[in-house]
Amino acid sequence: MSDLQDLGPDRVDAVDPVAGQIVINALATIADEMATTIFRTAHSTVVRDVMDFSAAICDPRGRTVAQAVSVPFHLGSIPTAMESLLGHYGGRFRPGDVYLMNDPFDGGIHLPDLFVVKPIFSDTGILLGFGVTTAHHGDVGGRLPGSSACDNTDIFQEGLRLPWVKLYDEGVRQPDLVKILRANVRVPTMTFGDLDAQVAACVVAERQVRKLGERHGSEGLARLTDWIIEYTERLVRAEIAAWPDGTATFTDYLDSDGLETRPVPITVTVTIAGDEVIADFTGSAPMVPGALNSTRSFIMAAVYHAVHCALDTRVPNSAGAFAPVTVVTEPGSVTHVVMPGASSMRGVTGFRAFDAVNGALAQLLPDRIPAAGEGGNTLAIFGGARPDGSPFVYYELVCGTWGATPTHDGNDGLSNPCSTAANISVEVAEAEYPLEIESYGLVPDSGGAGRFRGGLAVERAWRPLVPDVSLVIRSDRAVTAPYGLAGGQGGARSSNIVRSADGSERRLEPMVSTRLSAGEVYVHRTAGGGGWGDPALRDPDRIAADMREGKIGASAGPDAG
Amino acid sequence: MAVRRQGSIRLGADVGGTFTDVVVQHHDGTVRVRKVLSTPPRYELAVLDVLADLLAQPDMQAESITAVIHGTTVATNTVLEQRGSRTALITTGGFRDVLELRRLRMPHMYDLFWRKPPPIVPRELRFELSERVAADGTVRRPLDEHELRRVLEELMAAGVESVAVCLLHSHRHPAHEQRVASFLREHAPRISVSASVEILREEGEYERSATTAINAYVRPVMEAYVDRLDRGIAEAGVSAPLTIMRSSGGVMNAADAAMRPVFALESGPAAGVVAAAGLAEQLDQPNVIAFDMGGTTAKASLIEQGQVSRAREYEVGASLSSGSRLIRGSGELIRIPTLDIAEVGAGGGSIAWLDVADGLHVGPRSAGADPGPACYGQGGTAATVTDANVVLGYMRTGAVADGQIELDPELAEQALVDLAARLGRRVVEAAAGVHQLANARMMRALRAVSSERGREPSDFALVAYGGAGPLHAAGLARELGIRTVIVPAMAGVFSATGLLLAQREFHDVRSCRVSCDAPDAPAVIGRLFAEMAGSAKTAHGSDGVRLVPSLDMRYAGQSWDFELPLEESDNWLRPDAGLVGVAVGAFEAEHERVYGMRYDEGAAIEVRAVRLAAVYRTTTVPVMAPATSEAVPVGAHRETWFDGEAHLVDVRPRGQVPTRAIDGPLLIDEYDTTVVVPPDWTVRREPIRDCLVLERHP
């Protein structure tokens with residue numbers, strides 16, 4: 001069986017560009033079918049409701065040729081994962097194999113994100129490519145329900161670490177691995193439900209990619225996917241070449257090192273040179289004691305995403321988009337975790353790296369970059385026992401709001417563009433978990449002032465119905481507000497408050513693990529988006545509209561908006 | 001001498017944004033068609049004008065008309081154009097922003113300048129009540145009538161015309177919502193009130209709020225429209241009741257449509273699918289994919305074993321950025337029974353363009369009707385799919401559609417010259433690329449309703465209609481492995497004939513969480529069926545009404561259901577463990593078919609909703625096409641390109657296609673389209689409906 005067929009450098013030239021575009025459409029359709037399958041068959045709220053998963057198709061060399069519209073951050077993480085898989089198993093793939101991995105030190109992006117990959121073979125045994133999925137699992141073991149906690153201090157507290165292993169060997173599910181998984185996670189039905197969803201998506205990919213292989217022949221398909229990657233690169237380079245050359249540095253901050261509240265700088269120097277972009281994170285904080293350390297691949301994903309967003313054209317989701325972009329990280333820094341650093345909550349570091357890259361790009365491309373949004377989704381993980389004694393893990397992800405753009409107000413209440421997650425229905429959450437949601441809505445006067453104001457913050461409040469519930473919070477932007485641009489002001493800061501039945505309140509740090517006792521209500525407020533432009537230039541009609549809608553003016557005059 | 005026809009006449013009127021199609025069916029099944037420009041915003045005027053014109057004919061009498069069935073885009077356009085009434089929302093305290101937050105998602109990645117559409121009810125008109133019901137339906141905080149009074153005053157002061165009421169967990173405990181609705185109806189009779197439990201009793205506060213709010217928003221507009229149309233028809237002397245097509249493919253009476261217009265949002269596209277299903281039945285083709293391609297969009301829907309496929313949600317006002325239906329957020333998500341129709345932004349008017357790396361793209365931008373494709377000669381210069389089709393010889397040039405449009409081949413070629421030069425290809429090659437890429441985009445819609453649901457497209461025939469459908473059908477079919485393409489007569493107005501076939505129907509639903517292995521599962525399901533059957537009987541009686549039961553099922557823990565029909569002959573009103581077992585088996589089989597896997601034996605399966613449709617048994621007459629008489633010069637030929645080769649191809653009118661199969665290539669020029677039969681296909685005329693059947697050589 002041959003894994004790679006190198007047909008020489010000129011094989012791309014032989015491709016009809018129209019045929020190439022048609023295959024881009026076909027592969028994108030397959031990736032969407034994979035994503036639909038995960039969404040419809042998954043079990044945990046993180047995957048099925050919040051939609052924290054991705055699906056992609058890679059060529060026989062592990063290069064992405066299509067990705068479904070789901071989590072942009074995952075796109076840039078796939079190359080590292082596939083490189084690692086090919087390093088371990090390259091040349092030894094067999095039809096029916098399914099591979100599983102979550103090791104952040106060998107291709108993964110943190111323990112909860114499980115990669116499930118299936119090699120796809122033609123009838124004649126030629127490797128056509130891979131169906132690739134990654135999904136954020138609600139629990140993979142570790143010291144606290146949900147596995148992720150800002151105050152995890154090394155990888156061994158974060159759950160079960162799996163290097164690349166076979167979940168299926170030539171079609172046979174590996175019973176020993178299943179036993180290990182079952183013994184190490186808190187809610188096995190949820191874990192296996194999500195894993196099965198990922199496998200089902202890979203089966204869908206296999207079914208359809210094989211048809212594509214039959215249509216074009218395995219060589220023909222390889223030539224077409226090569227062309228897709230080459231064309232994508234050409235497209236991205238042509239756009240970057242039109243940008244002005246220059247260098248700019250920006251520093252943004254995390255509120256906490258995971259254990260205590262202190263500013264943790266993320267510094268990036270972005271250089272546009274010709275048709276390439278370099279993002280250098282030298283100068284960022286060293287690794288932190290808590291679980292905010294990011295894998296290098298996740299930081300790469302944040303940079304790719306920022307560059308992608310600044311482009312005019314919608315570029316195919318292929319590996320070619322990465323070639324013109326170079327990312328520099330220092331091993332042992334918060335942007336490049338090394339053994340045994342904890343990384344389960346590195347999501348927020350990725351969000352901040354995106355904000356930092358945008359802060360630098362805004363100096364070079366002022367018309368293309370909006371002010372900072374809420375700073376990323378807040379995680380709130382509730383764990384405990386139901387009235388009947390069975391365990392539950394409820395994974396909440398509070399999505400916030402957008403920064404103002406050079407032409408419009410920030411969107412009020414919209415998922416961060418890095419994750420495009422959904423919210424969890426109040427009625428569904430209350431029916432499935434022992435808690436009630438007391439309120440869910442926008443916070444007036446929380447958008448940064450500007451000629452265009454930042455989006456409003458979002459607030460959600462939960463009241464557990466069972467005593468002694470563990471609560472893990474990963475929020476941010478309680479200290480360093482989302483930045484405004486071009487004279488616009490920063491957004492309002494975030495907050496975490498626990499209200500007791502007697503009305504007394506305690507304020508929580510942005511990143512904390514705690515417990516809620518009976519009758520307590522946890523209230524989280526995200527940050528608001530930053531404003532853009534001089535507030536004095538704001539159109540009075542917009543101020544009047546905001547007043548009428550109660551979006552400003554609840555606590556201050558028109559200037560607040 | 002005028003022929004006075006005997007018997008009943010059925011009249012269907014399909015009002016679209018641009019055209020209004022009216023079909024008249026005589027008792028022997030034959031139809032005749034009128035296509036006129038629509039008359040926005042007074043859409044009823046076009047219908048009434050055509051009606052008056054028809055009644056002036058000697059063979060038409062008002063009293064012979066026994067049914068008037070109407071498909072309308074009025075409700076949808078009201079939403080799209082934001083011309084609805086001043087609408088308020090009343091909801092549970094702490095949740096007024098649910099409608100504005102939506103599900104927080106956006107429809108595509110990498111766009112930091114994307115703007116979320118404004119909510120259908122502005123924030124200052126969203127009111128809160130301090131009542132609260134828990135997830136199990138128990139009352140945590142009772143309804144406060146004083147508060148209700150205060151809200152009423154605010155509604156009046158704000159000049160609100162229509163109110164949506166959606167309280168948390170009302171699907172479990174409807175009493176609070178019902179009380180709010182009756183209070184408002186009593187004290188503010190001029191405000192139109194829509195309560196969520198009267199629209200759908202399903203879990204999900206955002207979807208229920210949005211569905212109810214959209215209903216409230218379009219209701220006064222729709223009420224007025226239906227009233228004007230109804231009166232106009234009566235004034236013309238027609239005593240037959242007016243019925244309106246629902247998004248689900250059935251019809252409802254005018255009063256119901258005025259009260260619950262949200263059910264008629266996708267009225268127009270539904271008619272086309274019903275027409276395709278009717279044609280398929282007449283031709284004994286149980287499995288077909290309906291494919292409708294017009295000027296700006298293409299739509300696809302699956303018909304399996306003669307049954308249309310249904311979906312339970314739909315995004316109104318959604319942009320057509322891609323064929324992906326996973327990604328929501330560009331429109332308001334409403335949950336109503338609808339036909340499962342996938343739509344992509346690709347049509348005859350779609351514009352072809354090159355990116356900075358000279359990559360070719362088609363759509364989603366469209367030249368629309370004005371200026372239209374370059375070859376229309378109305379000032380458009382952008383190359384469109386239609387221009388490509390003209391260059392390839394697929395479309396006839398000169399005057400078409402009664403001379404309403406004149407197609408100029410030189411303008412079409414000119415539009416493609418730049419594109420071809422940048423691609424380094426000949427103009428015909430560039431045109432072929434545009435044609436193929438339009439097909440590739442439409443493939444996403446076709447795949448979304450077939451392979452995405454575990455259905456192999458090659459097991460289906462393609463029914464192609466709409467102005468551009470017959471031009472692209474054979475090429476698309478080849479890509480999908482489909483061997484048979486059916487092109488109905490008058491493909492451009494085919495949709496409207498579906499109105500003549502629609503049955504009156506009603507849909508009811510109860511959300512639940514019942515584990516199939518629970519001992520009381522049959523009893524719970526039976527109780528919910530009995531409840532719905534009771535209200536169906538009260539509302540519609542039992543004469544000539546067929547009750548169609550189904551269950552929404554999923555593996556415990558999943559968030560997506562399959563709707564599985566129960567055998568109507570079974571005793572579903574008093575289900576037993578055996579009946580539940582059959583449903584479980586059917587669910588597992590369907591899950592495996594769609595997702596390629598089933599869980600281990602004994603994996604918990606839940607019933608999440610119980611549904612009951614009440615369908616009237618109305619007799620409809622199969623549609624018979626009128627004889628076609630197109631003036632095509634005898635011996636006409638056109639140079640036409642297939643797979644990079646030029647062919648001199650015979651051009652015929654439909655009437656000259658024999659009933660035994662002849663080999664392509666062949667072009668059949670029609671009133672408003674051309675049927676393209678490529679070289680590796682055969683074509684024959686099917687006498688039953690005068691449609692053309694294309695078959696690919698094995």
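Me: In what sense do β12 and β13 of chain A pair, and over how many bridges?

Reply: Strands of a sheet pair through backbone hydrogen bonds, either parallel or antiparallel. In this predicted model, strand β12 (residues 378-385) of chain A and β13(A) are antiparallel, with eight bridges between them. Phe382(A), for example, has Tyr394(A) in β13(A) as its bridge partner.

Me: Which strands make up the sheet, and which are at its edges?

Reply: The order in chain A is β13-β12-β16-β19, an open sheet of four strands with antiparallel pairing. β13 (391-398) and β19 (511-516) of chain A are the edge strands, since each pairs on one side only. From one strand to the next, the twist averages 15°.

Me: What length should helix α7 of chain A span?

Reply: Count 1.5 Å a residue: the 15 residues of α7 (residues 296-310) of chain A should then span 21 Å. The end C-alpha atoms are 22 Å apart, which agrees.

Me: Is α7(A) mostly covered or uncovered?

Reply: Mostly covered: 14 of the 15 residues of α7(A) are buried.

Me: How many salt bridges cross the interface of chain B and chain A?

Reply: The rule finds 11 salt bridges there. One salt bridge joins the side chains of Arg447(B) and Glu33(A), at 3.1 Å from N to O.

Definitions and conventions: Residues are numbered from 1 along each chain as its sequence is written. Chains are lettered from A and ligands numbered from 1 in the order in which they are written. This is a predicted model: local features need pLDDT of at least 70, side-chain atom pairs count only at pLDDT 80 or more; totals for chains, interfaces and linings use all residues. Side-chain values use heavy atoms; hydrogens and water are left out. Helices (H or I, at least four residues) and strands (E, at least two) are DSSP runs, numbered from the N terminus. The expected span of a helix is 1.5 Å times one less than its number of residues. Buried means under 20% relative accessible area, exposed over 50%, partly exposed in between (1.4 Å probe, protein chains only). Two strands pair if DSSP finds at least two bridges between them. Axes are lines fitted to C-alpha atoms, for helices over the stretch in contact, and angles run from 0 to 180 degrees between N-to-C directions. A salt bridge is a side-chain nitrogen of Lys or Arg within 4 Å of a carboxyl oxygen of Asp or Glu.
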